[in-house]
Amino acid sequence: MGSVQIVTTILAAAITAVAVWLAVRAVLKMVAVIRLGQPAPERFTDKGTRTKTMLVETAGHTRMLKWGVVGAAHWFVMVGFIVLSLLVLEAYFEVVSPTGGLPLIGGLAVYGLVTEVIAVLGTVGILVLITIRVRHRPTRPGGRSRFTGSTMWQGYFVEAVVLAVLVMGFVIRGFKVATDHFEYPVWATPVSHAVGALLPDWEAGVSIAAAIKIAISMTWLIVIALNVTMGVAWHRFLAFFNIFFKREPARPAGSGLGPLRPMTSQGKPLDFEEADPEKDQFGVAQVEQFTWKGLLDFSTCTECGRCQSQCPAWNTGKPLSPKLLVLSLRDHAYAKAPYLLAGGGKDLTGEEKATQAQLAHLDVLTLAEADKPLIGTAEEGGVIDPDVLWSCTTCGACVEQCPVDIEHVDHIVDMRRYQVLIESSFPSEAGVMLRNLENKGNPWGAPQNTREDWTKGLSFEVPRVGEVDDFEYLFWVGCAGAFEDRAKKTTRAVATLLHEAGVKFAILGEGETCSGDPARRIGNEFVFQMLAQQNVETLNEAFEGRDKPSRKIVATCPHCFNTLGNEYGQLGGEFEVVHHTQLLAHLVSTGRLTPVQPVDGGVTYHDPCYLGRHNRVFAAPREVLGSAIGAGGDGLIEMPRNSERSFCCGAGGARMWMEEKIGKRINVDRVEEAMSTGARTVAVGCPFCSTMLNDGVNGKDAGEQVEVVDVASVLLRSVRPDAAPGARETAPAAG
Ligand code: SF4
Ligand code: SF4
């Protein structure tokens, strides 16, 4: 070993020892913080599916590849990071000897080829990512950036390190070529040979370049070890676990969508008949009351801002960004952790658990952080502003886009649950809706005996459950479908089409109450459970003696569709629920409904969040519309944001019942997008979308240019033009 190699070896060993020691300390700290969360035993089920999903999502980059070039670039960088770790290992042999290399595989042409190809593609990939980050930097003139609020130096630092490590790999190989110590043929390693042609015949260069490469890699490790909240780096290790432990590993996409998690205390679902707010946790009031998976979510965020770029609240000037919400919770959790790890924390009656002696060693900043209310205004020192919490429509765009499967909606609703159930703190205008739900069983407060008024004037009898028992489908009308004028037209259209197709169906009539969706999404789990239990009982009675496949329900409201199909199972109600567009698509495809009159003037379709993103029903409504438009039409004109990336109407998450006081109205934004297609008909599949978009059209005084109408009404006009409501008929705004 020459004198250069002695120096490079000592330097490499020293910096590696420091980096590894700091990294181990950081990992232990991170594990300790994540373990502060509440139990989540359901995350350990079905390990086989979890492993498969984790491998498929990671290796296939299933989310990221939807982002085209950036997804592909990230894939090469990820593969480069894994494979080229071998080259960092190899550098430890090269600091000792300029002829050093990996034992066993070092010297194999295939190893030389694979690492060369990945290094080249990784270099291209990281240059693409750096260019994208620079071009989308928050400080660029004009436009909003998905990186707004991200810690930019961390992103630049990580990317610069990756680039430097890749470049140093070529420099090391180049010196080996120049000194004739390189074992790989030109065909396998052409770039290394090209670099070698530019470098001098200098043996010490190999060891010095290897030492620099190790120094850069270890500096990276030291920096991230000293910054445990540096998700842009740590996600490389944490993302595997976060994906493995996601809520529903069997769902191909949107694992944190569809049903909400039940309210739990100590990892067990809360039973409201026995629950006691002094003993049981009601929602989340302190950051440590999230489950450990919640804390893992916050730690894993890469700050990429894909969620933010899709969020309807953020895009219309509201203070909510799902990314910033996650980052605030992460930073708070880690800043509060020393207090919690010292034994601190409030019990459920608000009493401090730790003794003064336990907390004596903590600094004033940690104690101040521990004192912050989780929900509170800036003046109150809150971690999350109430306007942030209540701006969410639970549309799920953030969950859909997040490449590391963070479950934003569950966290937001958990915080709402505490605010509503314990603090009674929520936008006051929603109080009327909750009172109506409790007292009248519907959000409008309409008399229950008017639930069947929509049947009046139909040319056929609508049978009720109990009057007939050979029905195939129970038609769940929903509160909007029963009480809201515009939605009643959809209800009548669906009933007419089912009758026309000879489908045997029956309604519950006055036996139906609200599904409970608005109560659950605003956070009032108590009212949800009350309504849901009543409905489950009624439905179980209606389907008595039938097995699950024949307990069929058709619903026109995606919120009811989601709640009945995905959430009533949590309360013992197992049903086969379809959305009316799915049933209508089936009836058309099997020839039981035949569109005869093409719908002209151009049609576009707005995907309801709870039908599309939350339940993956994208094709059926398009098939129905395609059949109604007919071969002679222009086909469906898609809006720029459609299907998985559809933009919310603004009504979900009980936002329908709250005033939209901040920023641009979400429904206006969506209507402008719909109108930009030039289509005369905007088809919807949800009564709330219908109300919101109609309000948007009316607000723009564009009622003459464009009509918002349900898919069922579009089909009815084509199948039975005589029975369909007038094309330009309008109804008063609801809500
Ligand atoms: S659910 Fe929708 S509104 Fe709520 S944070 Fe996510 S993207 Fe924004
Ligand atoms: S929550 Fe997910 S999508 Fe949003 S910034 Fe973090 S990693 Fe990206």
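**Group meeting talk: a walk through one chain**

Okay, let's start with one residue: W390, which sits in helix 15, and that helix covers residues 386–390. Keep in mind that we're looking at a predicted model.

So, is W390 buried or exposed? Its relative accessible area is 8%, and because buried means under 20%, W390 counts as buried. And what's around it? If we skip its neighbours within four places in sequence, W390 is in contact with R416, Q419, V420, S425, F426, P427, I522, R655 and M658. Now pick out A194 on the screen: it's 196 residues from W390 along the chain, and the two C-alpha atoms are 59 Å apart.

Let's zoom out for a moment. The protein chain has 28 helices and nine strands. Its C-alpha trace spans about 100 × 70 × 55 Å along the principal axes. If you take the contacts with a separation of 6 or more, 76% of them are between residues 24 or more positions apart.

What about the outside, and charge? The accessible surface comes to about 29,000 Å², and 59% of that belongs to carbon and sulfur atoms. There are 68 positive and 79 negative side chains, with the centres of the two sets 4 Å apart.

One of the arginines is worth a look: R261. You'll find R261 in the loop between helix 8 (231–244) and strand 1 (264–265). R261 is buried, with a relative accessible area of 9%. Which side chain does the R261 side chain make a polar contact with? That's D414, at 3.3 Å. Again leaving out neighbours within four places in sequence, the residues in contact with R261 include E42, R43, T291 and R520.

Most residues other than glycine have a negative phi. L104 isn't a glycine, yet its phi is positive, about 65°. L104 is in the loop between helix 3 (69–96) and helix 4 (109–135), and it's exposed, with a relative accessible area of 84%.

The other one is D701, also not a glycine, with a positive phi near 55°. Where is D701? In the loop between helix 27 (687–699) and strand 9 (707–710). D701 has a relative accessible area of 70%, so it's exposed.

That's my tour, thanks!

Definitions and conventions:
Residues numbered from 1 in each chain as written. Chains lettered and ligands numbered in written order. Predicted model: local features only at pLDDT ≥ 70, side-chain atom pairs only at ≥ 80, totals over all residues. Heavy atoms only, no water. Helix = DSSP H or I, 4+ residues; strand = E, 2+ residues; numbered from the N terminus. Contact = heavy atoms within 4.5 Å. Areas by Shrake-Rupley, 256 points an atom, 1.4 Å probe, with all protein chains shown as cover. Lys, Arg positive; Asp, Glu negative; His and termini not counted. Charge placed at Lys NZ, Arg CZ, Asp CG, Glu CD. Buried < 20%, exposed > 50% of the residue type's maximum accessible area, 1.4 Å probe, protein only. Polar contact = N/O pair within 3.5 Å; in protein donor to acceptor, adjacent residues only side chain to side chain.
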